[in-house]
Amino acid sequence: MKRNLTPDDVRAAIWGGAILGGGGGGLIAAGERAATLALQVGTPQLWSVDEFEPSALTATMALVGAPAAPDPHVQPAHLLRTLELLRRELPPGRELVGLHANENGAETTVNGWFHASMSGLPVIDLACNGRAHPSSVMGALGLHTEPDYLSVQAYAGGEPQRYVEGVVSGRLERTSAVVRRASVEAGGLVAVARNPVEVAYAQRHGAPGAISHAIALGQAWLDGGVDAVARSLEGRIVAEGTVRGYRCEQQEGLDVGVVELDDAARTVLRFINEYMLLEQQGRRVARFPDLVMTFSDEGRPVVSAHVREGASLRVLVAPRARLLLSRTMFMPELYRPLEQSLGEAFAPAEDAVV
């Protein structure tokens, strides 16, 4: 399948991505600006994975940082700079044939659309993960388990006085930590082009169809609101109430905080960019990678960075089985830093089935 991406796709992808972001995945307005610009400067195409030779190279287009940071700044030129830097590092005689997103979110679902318009490369209907997640390693297709894989990550971002760019290579965990630190130095956010792999590897370990899924879910929301989303994901509204408490702080380039509602169930949501845990009456109701998402009383998705005290929220929970998830979502070792940040254990069991 090959097709041109359209303004209708932009609208649906942003809203569907926002929902699949589960509180994270970037900001809605920023995602809409980026995707709209992509269509203004060119005609990005969406290709399914079966349009490529399995041995051809693709790479991940991503944003790394904390959405609620005080001074995030990523410009279109920064996006192109990361792709330019990464291409310089490819093995002799190898070229990228397509680009894919790191995850589904309001901004991240459309990662790569602007690059595609400017470079002529297609967007692959695939993401490293079909929902948003807080750590770069979670969006790296399990490459940290490949003993011989050398991660290459190019990054750029920041206002002129805080601008940083560079290329780092090494073991995945180390390079990801460097890029996360760069996002802090840049004011909270950097664009990243990273981890060239063969299409077959990305297909096997990522989430093929993730972009189409976000577009379809967004269209369901546009047509039928939150109730249509709940039906599509076999989810349910588990809480409605006013925010009586909200705390958010930046820790190592991530938003870490809690949302407390005034409802009878005493609903509490804990987040690290994305909602990690939902508790009611002191009991755990859902945990990442289950999808927990907040909506305004008018039914618009609200990311965790934009929750405010006094706001009225509805809370949707959908089971992980209804999401397109990477194998990284079932690797307990990737949850350890998150558990330390929250002071709660919530990693899936070692024998969890993807």
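Which strand does alanine 156 lie in? Here are some notes to read alongside the model.

1. Alanine 156 belongs to strand E6, residues 151-157. The model is predicted, so to speak of local features a pLDDT of at least 70 is needed, side-chain atom pairs count only at pLDDT 80 or more, and totals for chains, interfaces and linings use all residues. Residues are numbered from 1 along each chain as its sequence is written, and side-chain values use heavy atoms, with hydrogens and water left out. Helices (H or I, at least four residues) and strands (E, at least two) are DSSP runs, numbered from the N terminus.

2. With a relative accessible area of 0%, alanine 156 is buried. Buried means under 20% relative accessible area, exposed over 50%, and partly exposed in between (1.4 Å probe, protein chains only). Beyond its neighbours within four places in sequence, alanine 156 is in contact with His78, Arg81, Thr82, Tyr163, Val164, Glu165, Val190 and Ala191; contact means heavy atoms within 4.5 Å. Threonine 242 is 86 residues away along the chain, and its C-alpha atom is separated from that of alanine 156 by 39 Å.

3. Next comes helix H3, residues 76-88, whose 13 residues reach 19 Å from first C-alpha to last, close to the 18 Å expected at 1.5 Å a residue. That expected span is 1.5 Å times one less than the number of residues. The buried residues of H3 are His78, Leu79, Thr82, Leu83, Leu85 and Leu86. They fall within an arc of 165° seen down the axis, so they line one face of the helix. The arc is that of the directions from the helix axis to the C-beta atoms.

4. What do the buried residues of H3 pack against? Their partners are strands E3 (57-65), E4 (96-101), E6, E7 (164-170) and E8 (189-198), together with helix H4 (113-119). On the face turned away from the buried side, H3 carries the exposed residues Ala77 and Arg88.

5. Helix H5 (residues 172-185) holds serine 176, which counts as buried at 7% relative accessibility. Not counting residues up to four places away in sequence, serine 176 touches Ser136, Val137 and Gln153.

6. Along H5, the buried residues include Leu172, Thr175, Ser176, Val179, Arg180, Ala182 and Ser183. They cover an arc of only 155° around the axis, which puts them on the same side of H5. Their cover includes E3, E6, E7, E8 and strand E11 (254-261). Just after H5, glycine 187 takes a positive phi of about 110°.
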